[in-house]
Structure formats: C-alpha cells, structure tokens
Amino acid sequence: LNFSGFFLIVNLFFCFMNSRIEILVPKAEYNNLKIKIASGDIDVKDIIFKDINISSKSGDIKINKALKADLNLVSGDISFNELDEAKLVTVSGNIEGNNINKVIARTISGDIRISDIKKSCELSTTSGDILISNLNITNNSILKTISGDIIVDKSNDVYFDTETMSGDINVDQNNRFSKIEVKASTTSGDINISK
C-alpha cells in the first residue's frame, strides 16, 4: 500500500486544551467522507473523495479535491482547490477556491473569491465582496451581495443583468442576445465585469 501522508487533520479545541487528530490512509480514491464536529479546523489533502460532507460550528475547512462537497460552517473560512459540484455555507467567514464546475456558496459576513467557474454558480453574501477571476459558464447564474462589490475579471459571452442601488456599474461588451444570463445585484456596492 502506498501511504500518501496525512490526508486529514482535525484540530479540536476543548476549553483551554488544543488537541490534534491525524489520520493516515492508503493513497486511493474514496467514496465519501462525513465529519460533524462542534469546534475545530479540518484539513483534507492528497486524497480524492467522490462525496464530502462536513459540518462544524467553529473552525476552518480546507479540502483539496472532490467530485461533490457539502460544507457547512457557523464561524470559519472555507477553502478548496478543485471541485466538480459543491454547496458551501458559512455564516461568518470567507469562501475561497480555485476550480469548480457548479457551485452554490453563501456567507453572511465574508467574501467569496473563486478563480474559475465552469458551468454555473449561485453566490450570495450579505456583507462582503464577490470576486471571480474567470467565469466561463454554460448555464444561468446568480451573483448577489447586499453590502459589497461584484468583480468578474474575465467572462465568456453571457448577458449580465445588473442592478445596484448605491454604486457604479461597468460591464464590458454585454451581450443582450446571449442564451446565458447572469443576474448580478448589490444594494450598496459597485459591479465591474470584464471580458
């Protein structure tokens, strides 16, 4: 068996004690991983899972690669490297990732930063910015923030239906005739879309 190293690190905090659990497994692709804890950081790396389900009240979640992920936090940041499909929720914290096909991401107080979205997205934050490096989608999508900016550095040929109550809107080459629509709205903030 080829052991890949520590793929799962859970830091648990009990009152004034800091405990650490490390689990070593053979390098392979696994079907699922389910973790439910009250408080602690979770770091899953070097292993591919078909389905990851993690729930924590306090702590950060980092995952490397999965086909499907359902991550739910009350207080903490979520970060990922490569996902096919995901639902990412944190009440107080940021959501940050690199490559994803289909994503639903929500945070109350925090930013959403994703480098590459390939199929569709539904991103919402109450107090924070939405920042996307490359939006190359094939289906209708939603970008919504109450108090924050929406910035897309690069996008494929889609129509952006934009709305802001207090802020500026700048959309490069908006194609009203595109079959794909992105609803981008903010109450207090700017919207900047580059092609």
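User: How many salt bridges does the structure hold?
Analyst: The structure, which is a predicted model, holds six salt bridges.

User: Which residue forms one with Arg106?
Analyst: Glu122 does, and the closest N and O atoms of that pair are 3.5 Å apart.

User: Is Glu122 buried, exposed or partly exposed, and what about Arg106?
Analyst: Glu122 is partly exposed, at 32% relative accessibility. Arg106 is also partly exposed, at 34%.

User: What does Glu96 pair with?
Analyst: Its side chain meets that of Arg113 in a salt bridge, at 3.8 Å from N to O. Arg113 belongs to strand 7 (residues 112-127) and Glu96 to strand 6 (residues 95-109), and the two are 17 residues apart.

User: And which residue forms a salt bridge with Arg113 at 3.0 Å?
Analyst: That is Asp111. Shared partners join Glu96, Asp111 and Arg113 into one network of salt bridges.

User: Is Asp111 buried or exposed?
Analyst: Asp111 counts as buried because its relative accessibility is 16%, under the 20% cut-off. Arg113, at 29%, is partly exposed, and Glu96 is partly exposed at 42%.

User: Switching topic: what is the mean pLDDT of the protein?
Analyst: The mean is 89, with 90% of the residues at 70 or more.

User: Where is confidence lowest, and where is it highest?
Analyst: Confidence is lowest in strand 1 (residues 3-14), where the mean is 45, and highest in strand 8 (residues 130-135), at 98. Over residues 1-10 pLDDT stays under 50, and the model has 45 contacts beyond four places in sequence for that stretch.

Notes: Residues numbered from 1 in each chain as written. Predicted model: local features only at pLDDT ≥ 70, side-chain atom pairs only at ≥ 80, totals over all residues. Heavy atoms only, no water. pLDDT = per-residue confidence, 0-100. Helix = DSSP H or I, 4+ residues; strand = E, 2+ residues; numbered from the N terminus. Contact = heavy atoms within 4.5 Å. Salt bridge = Lys/Arg side-chain N within 4 Å of Asp/Glu carboxyl O. Buried < 20%, exposed > 50% of the residue type's maximum accessible area, 1.4 Å probe, protein only.
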